[in-house]
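Please read the following points alongside the sequence and the coordinates.

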Amino acid sequence: ISERKRRALVNSDADLQKRVQLLQGFDMPTTSTKLRLTPDGQYILTSGVYKPRVRCYDVQELSQKFERCMSSEVVQFEVLSEDYSKMIFLQCDRYVEFHVKHGFHFRTRIPKFGRDMTYHTTTADLFLVGASKEVYRLNLEQGHFLSPYTTDASGINVCEMNSYLDMVTLGTSDGRVLCWDPRCRTQVGSLDLASIPQVIREADAMETPLEVATMKYRDYQHLAVGTNWGQVLMFDLRVPQPYYVKDHYTRAPIKQVAFQEQEGLVISSSLNKLRMWKEHSGEAFVDLDTEADINDFAVYPNSGLVLMANEAPKNQVHFIPALGPAPRWCGFLDSLTEELEENPENNAYDDYKFVTKAELDKYGLTNLLDSNVLRPHAHGFFVHNSLYQMYKTATQPFVFDQFRKKEVKKKIGEERDVRLALQKLPKVNRALAQRLAEEQSEAAVSKKKKAAGDGVASISTDQRFSSLFANPDFQIDENSEEYRLHHPVVSKQQEKDRRKLRELEEEQTAEAEEEEEEGRPSEEESSDEEEVQVTNRRQLEKLRHQELAAKKAERNRRRQLAMAELRRAEQQQQKAQSGRGGAHGSAAAKRKSLKNLSLGARLHDVSTDTDVISNVAATDGSHGGKQITFSMKTAEEKMDEDRLRAHKRERREHARVARGPPGRGRGGRGGFGRGGFRGRGRGGSGGRGGRGRF
């Protein structure tokens, strides 16, 4: 976009206004491939496409200094001087270009496609490796190629110079590390990574052969080797085994490895992940995940600034205060981080619920998108929890019922785990095994019965008593006379055991049905367990039939007894009524007949006898006197009587004196004549004569 549109976009977007642009134009048209810092720390160089080019940025000006386009893509480049005045570029078309301060200087070609290069400052030799077993040497002082080093590798991916020992280290495409001494031009050491146990364990899961992807020296004896399987191996040159192996778990090549001396960290990158970890323990220090894959990175010396070249137009710059201070040319970053620490932005929404766009559609909150009720954040919105719960309840009214059922089911499942499962009971003496297991569980719960619980557990688990639950000869006959003599109350215990067995069987059946409904297989048990279940089912069916028959017989017996009592009471009542006459005889006979009846028959007889219910019943027996029987009134009847008495009392208080029509006479309410409430008289209440009527 144009500069005018860019400024307008920054002015309209609040997020863009908060961004800090450290280097102006720190990007590439398509992708950045390599990134280097000059030894004096004054310039940052990046290469990328498309078109192939290299850009230089001046950190003092915080902007781009120059740009140079090339004919081929840059595979690797090195800075030979303190600034950008001497640079070498290895290109993908086998050319090697030399640039000076004013621009292009010279180019030459190597026999094979190059992959990496390194410079030996002592001898001024430039080592170039690639898709060949030879290491090409170009002497920059003499200006011509020297005889190459010949190795037994099929290809060399990377080369690294140990400046302390003047030794060049090669990483081959067959997973080996080779060390060559330029002074004697011979191989002085070799290490096969495929023989390391930590690497062998990953061999079965990988489809590509093991290769060395990158290498980096920390000092004269510590070397970090990155493989194409996503592992970083830390070596001490004096020991053939690594002292630590860091796995990125990406199964992708390690692109770059670097060291941070102040904190003792190793920095490695693979795909879009940048990992900072302790060298000897592997403890994570900082993990960065970027949107695009990382091709190369560089840490500015003695600072916490990390620059990345990635598979995107924009190059990334990260400042990590824990890694170190900001460089002098961007010291304002320290003040910014201090302000952020002093004034932390409160992003914790205690009373808010984070919802995504899909949840807005689900709960009908899309009509609030343009209001201030929804606060945009990340990939969703923050909404007040009460409003969210209200909409959720309105759209899903049965959520609480489902939650309640789930909790009940969970509670039942926890209780079932504590109970004894039927399939674990033996075939022989099942009732005894169940009783022992229950006593064991009770003893385990109760601390007071811990000793008893240990004894029960020894019986059920001791191998000496295993035949008691396996051999049918030891089956306890509960119907024998000896068993009944030793267990006089065994019938109640048997009924209790049968009830528990039936409940456990019903629970097992319900669980099997639930498993079949949920699609889980219900035929995973062995043949012995299936046989035990069939036997249990048959025994339970037999017990159910016996219980039903016993209950039916008991009901019939009670019905027959009740009918016999009623018939006996009717016969005695008829005999008493047909006996001697008189109140005394009938009462005496009735009392005599009631003595032989049960309580239910007496109540039935009393409820049908009207003489007994009467308020006064004359009984001229030998005891003399009268017998009074009465019935208690209910509370409602008493309240009705009280209301009736109050109503009558109120009527009497407000009663008016009767006034007749005017007529003759001087009578009144008791005057001359037959006056009164009603009658004929000689006077009225207000005139002479006439009738008076209340």
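1. Two strands are taken as paired if DSSP finds at least two bridges between them, and helices (H or I, at least four residues) and strands (E, at least two) are DSSP runs numbered from the N terminus. On that basis an open sheet of three strands has the order β28-β30-β29, with antiparallel pairing. Because β28 (352-356) and β29 (375-377) stand at the edges, each with a single partner strand, one side of each is left without a neighbour in the sheet. From one strand to the next the twist averages 35°, where axes are lines fitted to C-alpha atoms, for helices over the stretch in contact, and angles run from 0 to 180 degrees between N-to-C directions.

2. This is a predicted model, in which local features need pLDDT of at least 70 and side-chain atom pairs count only at pLDDT 80 or more, while totals for chains, interfaces and linings use all residues. Residues are numbered from 1 along each chain as its sequence is written, and side-chain values use heavy atoms, with hydrogens and water left out.

3. Within the sheet of point 1, β28 and strand β30 (residues 380-384) run antiparallel and are joined by five bridges. Phe354 stands opposite Phe382 in β30. Helix α6 (residues 385-395) lies across β28 and β30, running at about 95° to β30; contact here means heavy atoms within 4.5 Å.

4. A hairpin deserves a separate look. Strand β23 (residues 273-278) pairs with strand β24 (residues 284-289) in the antiparallel sense over five bridges, and Lys273 stands opposite Asp289 in β24. Five residues lie between the strands of this hairpin, and Gly282 takes a positive phi near 75° there.

5. Arg275 is buried, with a relative accessible area of 15%, whereas Asp287 is partly exposed, with 44%; buried means under 20% relative accessible area, exposed over 50%, and partly exposed in between (1.4 Å probe, protein chains only).

6. The structure holds 18 salt bridges. In one of them Glu67 is joined to Arg55, the closest N and O atoms being 3.5 Å apart. This pair also links distant parts of the chain, as Glu67 belongs to strand β4 (residues 63-69) and Arg55 to strand β3 (residues 53-58), twelve residues apart. Glu67 counts as partly exposed at 33% relative accessibility, while Arg55 counts as buried at 10%.

7. Elsewhere, salt bridges that share partners join Asp27, Arg53, Arg55 and Glu67 into one network.

8. Which residues does Asp334 touch, not counting residues up to four places away in sequence? They are Phe319, Pro325 and Ala326. Asp334 has its place in helix α4 (residues 332-342) and counts as partly exposed at 25% relative accessibility. A polar atom of the Asp334 side chain lies 3.3 Å from the backbone nitrogen of Ala326, and the C-alpha atoms of Asp334 and Pro321, 13 residues apart along the chain, are separated by 7.8 Å.

9. On cysteines, a search of the whole structure finds zero disulfides, a disulfide being a pair of cysteine sulfur atoms within 2.5 Å. Cys179 is buried, with a relative accessible area of 11%, whereas Cys184 is partly exposed, with 39%.

10. For the overall description, the secondary structure of the protein comes to 16 helices and 34 strands. Of the 694 residues of the protein, 34% count as buried. Among contacts between residues at least 6 apart in sequence, 41% join residues at least 24 apart.

How values were computed. Salt bridge = Lys/Arg side-chain N within 4 Å of Asp/Glu carboxyl O. Polar contact = N/O pair within 3.5 Å; in protein donor to acceptor, adjacent residues only side chain to side chain.
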